[in-house]
Amino acid sequence: MRKSALCAFGLVVAILVALGFLVLSSASEVNGVRLHGDAYYFMKRQFAYLGVGVVLAVVVAAVDYRRWRDTPALAWMFYAIVFLLLLAVFPPLGRRINGSYRWISLGPVNLQPSEFAKLAVVIVVSVWLDRAAWRVELFRRGALVPALLIGFLALPVMAEPDFGSTMVIGFSGFLVMFVAGTRLLHLTPFAVVGICTFVYKVATNANRMARIAAFFGVKIDVGAQVMDEAARRAAYQANQALVAMMNGGVWGVGLTQSMQKQKYLPENHTDFIFAIGAEELGIIFSVGTLLLFIAFFLLSVYIARSASDRFGRFLAHGMAFIIFFQAIFNIGVVCEALPTKGMALPFFSYGGTNMLASFFAVGTILSVGIHSYRDRKREKLRKMLVR
């Protein structure tokens, strides 16, 4: 583990956070005035979330990541709490917003438990597979139990419905299993069952099928009713994002000068904030942001491969994938390379829960890197003293 890699990782995260806050300060102005009578409403709240997130990342990075492994009760308690929170989003405690049960209202703050479910799956599956040791190659210890752990959190998230978070939970969990050495022969049946269940739920959801129809430019009959209006809304949102990106050109129209944020592009400060950044700052922003996320992932993989133990490798790989997958999927949707699906762009989109979960993941990766680096230094010092 090189100290320069940790510094580079921290610098990449800092640039992403600063760039995200800059773009949000412009993208959220119009909706801030329209919804709350304050152009800085979303920016001020995001700044508060950012402050809490940075503190959380520092605390998580300072604590030895092996606490999860050495005190497994902590991991299981976190998993259980998240599972209960996922159940709490449904009636009578939860409330339906935009056709989904995803949030728990805590006064001025809305909590989205599915963001924490991504973290809980990576932590618990990593703990289980590390403690399984060589038995990870056995069907029950290496495949059946981890798949069930993933499913117990993925199913209530799918029922909300939140298919984007379901994908992240499933892929992150199976990635940890793959890195841990679960045999492909054992992994494949659970992957097939998971994918088939996911496809079935999407196929029986009229709104999601309308979005897919809009993406492919066709009409899909769902339940004897063609969802023309829903398809038009999905197509409109994607088309307006492309208009914003084309308006930006190479250099952009200038910060705060976006036209698409003037009620033309829905969700311009959340799921489609990347389009506003591309319009105002041009293709330089688009390519630069993509390269920053790629650098984030590659540095995370390097930190994971340099970890002192298996558990650190599992944990860092899983946490890095959570952020990277969301970023690539969000950018793919905005560029109309993927069907429209609401998924936050980490460090950019407005939202407290996603911000905290992202910083928790960053803190965990840093914890793996920092404590592995210290282990290497102690080992070198010990060898020098022996000589």
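At what angle do the axes of helix H5 and helix H6 cross, and within what distance do they come? In this predicted model, the axes of H5 (residues 72-88) and H6 (residues 113-132) cross at roughly 150 degrees and come within 9 Å. Angles over 145 degrees count as roughly antiparallel, and H5 and H6 are therefore roughly antiparallel to each other. The crossing in which H5 passes H6 is left-handed.

On the H5 side, the contact is made by Pro 72, Ala 75, Trp 76, Phe 78, Tyr 79, Val 82, Leu 85 and Leu 86. H6 brings residues that include Pro 113, Ser 114, Phe 116, Ala 117, Ile 123, Trp 128 and Arg 131. Sorted by class, the residues of this contact are 17 nonpolar, one polar and one charged.

Let us turn to helix H3 and helix H14 (residues 352-386). The axes of H3 and H14 come within 7 Å and cross at roughly 25 degrees. That makes H3 roughly parallel to H14, and the crossing of the two is right-handed. By class, the contact of H3 with H14 has 15 nonpolar, seven polar and no charged residues. Among the H3 residues that meet H14 are Gln 46, Tyr 49, Leu 50, Gly 53, Leu 56, Ala 57 and Val 60. The H14 residues that meet H3 include Gly 352, Met 355, Phe 359, Phe 360, Gly 363, Thr 364, Ile 370 and His 371.

Here are the two pairs side by side.

| Helix pair | Axes come within | Crossing angle | Handedness |
|---|---|---|---|
| H5 and H6 | 9 Å | roughly 150 degrees | left-handed |
| H3 and H14 | 7 Å | roughly 25 degrees | right-handed |

**Around H2 and H3**

Helix H2 (residues 29-36) holds the buried residues Val 30, Asn 31 and Gly 32. Helix H3 (41-62) is among the elements that cover the buried residues of H2. Just after H2 comes Gly 37, which takes a positive phi of about 70 degrees. Tyr 41 is found in H3. Is Tyr 41 buried or partly exposed? Tyr 41 counts as partly exposed because its relative accessibility is 24%, and buried means under 20%. Tyr 41 and Ser 25 are 16 residues apart in sequence, with their C-alpha atoms 9.6 Å apart in space.

**Two residues of H8**

Which residues outside its sequence neighbourhood does Ser 165 contact? Ser 165 lies in helix H8 (residues 163-180). Leaving aside neighbours within four places in sequence, Ser 165 is in contact with Ser 114, Lys 118 and Val 157. Of these, Ser 114 is also one of the H6 residues in the contact with H5. The side chain of Ser 165 makes a polar contact with the side chain of Asp 162, at 2.8 Å. Ser 165 counts as buried because its relative accessible area is 5%, under the 20% cut-off.

Leu 175 also lies in H8. With a relative accessible area of 23%, Leu 175 is partly exposed. Along the chain, Leu 175 and Gly 318 are 143 residues apart, yet their C-alpha atoms are separated by 6.8 Å. Once neighbours within four places in sequence are left aside, Leu 175 is in contact with His 317 and Phe 321.

Terms used: Residues are numbered from 1 along each chain as its sequence is written. This is a predicted model: local features need pLDDT of at least 70, side-chain atom pairs count only at pLDDT 80 or more; totals for chains, interfaces and linings use all residues. Side-chain values use heavy atoms; hydrogens and water are left out. Helices (H or I, at least four residues) and strands (E, at least two) are DSSP runs, numbered from the N terminus. Buried means under 20% relative accessible area, exposed over 50%, partly exposed in between (1.4 Å probe, protein chains only). A polar contact is a pair of N or O atoms within 3.5 Å; within protein, one must be able to donate a hydrogen and the other to accept it, and residues adjacent in sequence count only if both atoms are side-chain atoms. Contact means heavy atoms within 4.5 Å. Axes are lines fitted to C-alpha atoms, for helices over the stretch in contact, and angles run from 0 to 180 degrees between N-to-C directions. Angles under 35 degrees count as roughly parallel, over 145 as roughly antiparallel, 65 to 115 as roughly perpendicular and the rest as oblique. A crossing is left-handed if the near helix is turned anticlockwise from the far one by less than a right angle, and right-handed if clockwise. Ala, Val, Leu, Ile, Met, Phe, Trp, Tyr, Cys and Pro count as nonpolar, Asp, Glu, Lys and Arg as charged, and the others, Gly among them, as polar.
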